[in-house]
Amino acid sequence: MPLYRDEGIVLRTQKLGEADRIVTLLTRGLGKVRVVGKGVRRTKSRFGARLEPAMMVDVQCYEGRNLDTVTQAESLASWGDVLARDYTTYTAAAAMLETADRLTEEREPNLQQYLLLQGALRSMAEGVHDPGLVLDAYLLRALAVAGWAPSFHDCARCGAEGPHRAFNLASGGTVCSVCRPPGSAAPAPETLSLLAALLAGDWSIADASSGRHRREGSTLASAFLQWHLERGVRSLRLVDRRDPDALNPSSSRVTWSAVPLTATEPVDERFADAFAAVTKVEQAHAAARAAQA
Ligand SMILES: [Zn+2]
């Protein structure tokens, strides 16, 4: 049976039978793979503890008819242990793993997403930056790598140079006064600067930001993510977001139907929607704040 070896990060695990587990890995070379860890739920398992979410492992598998089976797993980094000690980092890491799972396809190599996730988990485990900021930086960059880079300065629709005050999810970020759809939000300029810094990896600006702007920023980052993950997002890749006609459903240029008329709906509603579905992290942040109060 053909064997292969790769390094990967465990995204999630599911029980299989009495003692086995299906392990979903994002690997460096092969993209996302689902493999069987035989007997890993037994306490005596040789590598059970290495195949837990957020663990980075070097795995060897043999190809099966349906699912491949792990034959060896060596730990390369045990961030999972570190992250699990703190509720906030644990839930933030869980949201990153889930996002990576949603943004990648099985057996489609995606080195950028792999390196991004690896860097974000390492950064979160090192604890140098606020975990909420690390998460938001990860979400924004993961979206950018997936082809949905939000704009926080120039107009997302016509490209007019910013800064602009109005912000519209469906348009892809900040919009100028000409392009601004009705009901666009108007976040604080500092929040937009923070998001731009997170996207660019400018930690000196991000670390100096205030709690208020971090909260507003994480709301927008989560809303962006929800917007792209909840709708038939694949087809959106075909859209040229700089083309104002692309958001006009009556235009003959529209080649997709997944994006409905919502471009003209009040953005606040969409935020409410995003809030309702917002990741566990948001709730964890709230719980952590409540616990501190
Ligand atoms: Zn514009």
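Predicted model: local features only at pLDDT ≥ 70, side-chain atom pairs only at ≥ 80, totals over all residues.

Student: Is Thr 69 buried, exposed or partly exposed?

Tutor: A residue is buried with 20 or more other C-beta atoms within 10 Å, and exposed with 12 or fewer. Thr 69 has 15 such atoms. Thr 69 is therefore partly exposed.

Student: How far apart in space are Thr 69 and Lys 38?

Tutor: Not counting residues up to four places away in sequence, Thr 69 touches Val 35, Val 36, Lys 38, Cys 61, Tyr 62 and Gly 64. Thr 69 and Lys 38 are 31 residues apart in sequence. From C-alpha to C-alpha, their separation in space is 7.3 Å.

Student: How are α2 and α3 oriented, parallel or antiparallel?

Tutor: Helix α2 covers residues 87-103 and helix α3 covers residues 111-126. They pack with their axes 11 Å apart, at an angle of about 180°. Angles over 145 degrees count as roughly antiparallel, so α2 and α3 are roughly antiparallel.

Student: Which residues of α3 meet α2?

Tutor: On the α2 side, the contact is made by Thr 89, Ala 92, Ala 93, Met 96, Ala 100 and Leu 103. By class, the contact of α2 with α3 has 9 nonpolar, 2 polar and no charged residues. From α3 come Gln 113, Leu 117, Ala 120, Leu 121 and Met 124.

Student: How many charged residues are in the contact of α3 with α4?

Tutor: Helix α4 spans residues 131-145 and packs with α3 at an angle of about 175°, the axes being 10 Å apart. That makes the pair roughly antiparallel. The contact of α3 with α4 divides into 8 nonpolar and 3 polar residues, and the charged count is 1.

Student: How are α2 and α4 oriented, parallel or antiparallel?

Tutor: The axes of α2 and α4 are 9 Å apart, and the angle is about 5°. Angles under 35 degrees count as roughly parallel. The two helices are therefore roughly parallel.

Student: Which residues touch the most other members of the largest nonpolar core?

Tutor: This core has 64 residues. At least three residues come from each of domain 1 (3-80) and domain 2 (129-292). Those touching the most other members are Ala 93, Met 96, Leu 121 and Leu 195.

Student: Where is the cis peptide bond that involves Pro 163?

Tutor: Pro 163 is found in the loop between α4 and β6 (166-168). The cis bond has omega near 5°. It runs from Gly 162 to Pro 163.

Student: Is Ala 54 buried or exposed?

Tutor: Ala 54 sits in the loop between β3 (31-37) and β4 (56-62). Its phi is positive, about 75°, although it is not a glycine. Since 26 other C-beta atoms lie within 10 Å and the cut-off for burial is 20 or more, Ala 54 is buried.

Student: Is Arg 107 buried or exposed?

Tutor: Arg 107 lies in the loop between α2 and α3. Phi of Arg 107 is near 60°, a positive value in a residue other than glycine. With 11 C-beta neighbours inside 10 Å and a limit of 12 or fewer, Arg 107 counts as exposed.

Definitions and conventions. Residues numbered from 1 in each chain as written. Axes fitted to C-alpha atoms, helices over the stretch in contact; angles between N-to-C directions. Helix = DSSP H or I, 4+ residues; strand = E, 2+ residues; numbered from the N terminus. Parallel < 35°, antiparallel > 145°, perpendicular 65-115°, else oblique. Contact = placed C-beta atoms within 7 Å. Nonpolar A, V, L, I, M, F, W, Y, C, P; charged D, E, K, R; others polar. Core = buried A, V, L, I, M, F, W, Y, C linked by C-beta atoms within 7 Å. Domains from an automatic or database assignment.
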